[in-house]
Structure formats: C-alpha cells, structure tokens
Amino acid sequence: MSTVENQVPVFEGIPSSDDLARIADLLVQAGLETIELSDGKGARCFMRVDMPASASHVPTSDVSPAPAETMQTDIAVQAPYFGVLALTELAEIGTLVRQGDVVAQMQIGTLQIPVTVPVEGTIVEVVGQDGVLTGYGAVVVRIEPTV
C-alpha cells in the first residue's frame, strides 16, 4: 500500500490485513462507517466498521467555538463528500464570497469535489483543516450572509 498525501490508501492489488486495519482507522477518524474499494478490474472490497461511542462526533478543528451571536445567524458550509480537505485562498476569515464560490476541494485519489458556498456573505470562521481527512457533512467554513 502507498498513500496519497499520506492519508488515502492506494492499492495495486488485494489489501493486506495491515492495509485493512489502516483503512478501518481512517474510517473512524473521518466519522464514516462504510467504504467500498474497487480495482477497476472487477475486484471489490466492502468494509464496515463499528463506530466507538466517542467517535460519534469527530472534531475537525481545535478552534474554540464562535461567539453566540455568530452562531445564531451564520451558515455552515459542509463537505459534500469525504476526502482530504484542500482549502482555497477564499477560505480565510473576512473574505467576501459569492454564491457558488469554491472555498475548498475534497480530494480522494485523483477525484476532486468542490466545496461551494450556498449564499453570498463573509467568512467568519474556518473550521476545516487543510490536508486533513474530513468526513461527509463536516463543517468546512461558516459564513455570515449578506443582508
């Protein structure tokens, strides 16, 4: 097994038991329960892990919570898929963004899925961490909508 960005396993054959254990650890870290791997030649591996009670919420940042007034009116921009988070230059506090702007990419292997902003506004918090394996639905940034 080799890794892309030291996070996502890449296989050239059937995963070993050590590789499978590593995948299970990555699933738990990302807050995911299942994954299906395929080699493109017909071989498939489906894996399901039992989530420990402490992993039901996997923190994505050590940043302290935003002030209460921000939490009441801001909008969470969430990861549309799981993968390694790659923040763009727009993902900075104070940046004015428009609906559809890409604030990050979710990368898994060569696949890149954009994380887009649903409304115009100002970024008030960057929650996701660049280069970290991030689960589906994890908050990437928070936006204060333009009135």
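Author: Let's start with a term: contact means heavy atoms within 4.5 Å. This is a predicted model, where local features need pLDDT of at least 70, side-chain atom pairs count only at pLDDT 80 or more, and totals for chains, interfaces and linings use all residues. Residues are numbered from 1 along each chain as its sequence is written, and side-chain values use heavy atoms, with hydrogens and water left out.

Reader: Leaving aside neighbours within four places in sequence, which residues is Val103 in contact with?

Author: Close sequence neighbours, within four places, are set aside here. What remains for Val103 is Val77, Leu87, Thr88, Leu90, Ala91, Val97, Val115, Val117, Ile123 and Val141.

Reader: How many residues does the largest nonpolar core have?

Author: A nonpolar core is a set of buried (under 20% relative accessible area, 1.4 Å probe, protein chains only) Ala, Val, Leu, Ile, Met, Phe, Trp, Tyr and Cys residues joined through side-chain atoms within 4.5 Å. Val103, Val115, Ile123, Val140, Val141 and Ile143 have the most contacts inside the largest one. Its size is 15 residues.

Reader: Which residue forms a salt bridge with Glu125?

Author: A salt bridge is a side-chain nitrogen of Lys or Arg within 4 Å of a carboxyl oxygen of Asp or Glu. The closest N and O atoms in this pair are 3.3 Å apart. The partner of Glu125 is Arg142.

Reader: Is Glu125 buried or exposed?

Author: Exposed would mean over 50% relative accessible area, with partly exposed in between. Glu125 has 10% relative accessibility, so Glu125 counts as buried.
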